[in-house]
Amino acid sequence: MSETSPSPALNVLASPAIGSGTTDLVVPCGRPRPSRREPPPVPGRLPLAVTLSGGGFRATLAGLGTLRFLADAGLLGDVRWVSSVSGGSVANGVLAVSMPDLRSGEFTREAFDAAVVRPFVDQISAQSLKGRLLRNAWKLVGSRTRTELLAEEFDELFLHDLLLEDLDPDVRFIINAADTSTGVRFGFERDVLGDYVVGQIPTAGTRLRLSTAVAASAAVPGPFPPLTPKGLPQFPCQQGRTIRLVDGGAYDNMGLEPVDDLRDAFLLAVNAGGVFVTGRYGRVPVARDLELANSLLYRQSTALRRRHMVERFRAYEDVEEVSTGRTREAPQDWARHGILFGLTSTFEAADERLTGWRAVNPDEPDVDRLARVATSFDQFDRDLCRDLIHAGWWLTGACLSAYHPHLLAHRDRPPAWSIPW
């Protein structure tokens with residue numbers, strides 16, 4: 001594979017793959033990557049990786065429910081990777097900011113509720129982030145953009161000016177955006193940032209705030225213009241390109257790519273993205289048809305990633321006992337250990353694997369209603385916040401109880417739901 005980059009004037013979408021006829025293609029940078037400190041092992045335990053999808057505050061709250069279940073089950077301290085997109089990146093950011101308090105509180109449910117859930121719910125139930133953005137539109141003077149204002153609001157409400165380079169080193173927090181100059185995922189981390197086309201640079205010394213990464217990850221095209229991080233050194237293969245970042249869901253709404261190569265961790269993937277809706281803009285043909293085509297493309301890309309990952313999970317689970325002894329056959333290299341579920345996931349009432357779980361937690365979430373909550377950064381009342389957190393919590397516990405009870409084997413009985421406030 002060539003290590004050269006295409007002409008900086010070339011639009012990434014103008015490639016022979018879609019019939020433009022040009023001979024240039026976007027190619028990997030090929031330059032050495034900066035060093036990255038990997039998270040420390042979990043002594044005697046299976047390390048966990050969590051991916052949190054996009055979906056506005058609906059996804060944020062469902063993701064917080066998943067993390068709260070891990071705290072309830074005594075597993076939150078085993079998390080070593082968190083990869084996120086858009087609304088999931090808000091949850092990821094809030095978790096990252098709260099790490100000192102969570103560690104001092106030994107990663108218990110009580111510590112998680114006090115440091116993460118209650119402060120976040122207090123903010124979004126009392127005011128609308130969308131309303132704050134509209135009221136502060138007067139700040140958009142000169143070249144300042146709405147996405148930069150979004151980053152400022154994230155700092156004010158949730159992230160408190162934390163720098164990327166100051167993130168907790170025991171967890172690899174990965175905030176994902178999409179780079180429109182290259183057409184691939186652009187990642188923000190404690191140690192490195194960049195993508196595989198322009199290359200990566202060390203985060204140290206950039207003074208980039210966590211809020212900038214989260215705002216780029218949540219910059220839905222249309223309401224928010226692409227974000228160009230300021231004050232960064234040249235990327236190894238940038239070659240004149242202007243980095244322009246939008247919502248990471250445009251590339252991978254489940255944040256799976258960064259953890260794709262984790263063979264020795266348990267992956268817990270949460271998809272709280274929107275459901276497929278038809279009939280919008282019914283009387284406006286162009287807007288209606290473009291919206292429908294965009295929804296179809298999103299559905300296709302998400303379905304393909306989900307199907308591929310589920311197949312890899314099944315390949316890991318299908319390894320059978322060798323006939324001579326109890327040694328298990330080694331899973332194939334591409335197999336992965338984990339589970340993926342969405343807000344629309346359901347279980348049969350007669351599923352015997354959930355007998356113990358349902359005995360303790362009989363109140364199942366109304367997933368059909370909750371999955372249809374609008375994708376927005378608007379005000380959410382406390383009852384809706386509770387229901388979405390409960391949905392993420394309940395589905396995480398049900399999935400682990402049904403498919404991976406070994407992760408809960410250290411407990412006499414499943415955790416029981418309690419309202420976080």
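The mean pLDDT of this predicted protein model is 89, and 89% of the residues reach 70 or more; pLDDT is the predictor's confidence in each residue, from 0 to 100. Contact here means heavy atoms within 4.5 Å.

A quick word on conventions, everyone. Residues are numbered from 1 along each chain as its sequence is written, and side-chain values use heavy atoms, leaving out hydrogens and water. As this is a predicted model, local features need pLDDT of at least 70 and side-chain atom pairs count only at pLDDT 80 or more, while totals for chains, interfaces and linings use all residues.

Now, on to Ser 128. Ser 128 lies in the loop between helix H4 (109-126) and helix H5 (129-135); helices are DSSP runs of H or I with at least four residues, strands are runs of E with at least two, and both are numbered from the N terminus. Is Ser 128 buried or exposed? Ser 128 is buried, at 13% relative accessible area, where buried means under 20%, exposed over 50%, and partly exposed in between (1.4 Å probe, protein chains only). Its side chain reaches the backbone nitrogen of Gly 131 at 2.9 Å. Leaving aside residues up to four places away in sequence, Ser 128 touches Arg 135, Phe 377, Asp 378 and Gln 379.

Let me finish with His 160. It sits in the loop between helix H6 (146-159) and strand E3 (172-179). His 160 has a positive phi of about 55°, although it is not a glycine, and it is exposed, with a relative accessible area of 51%.

Definitions and conventions. Polar contact = N/O pair within 3.5 Å; in protein donor to acceptor, adjacent residues only side chain to side chain.
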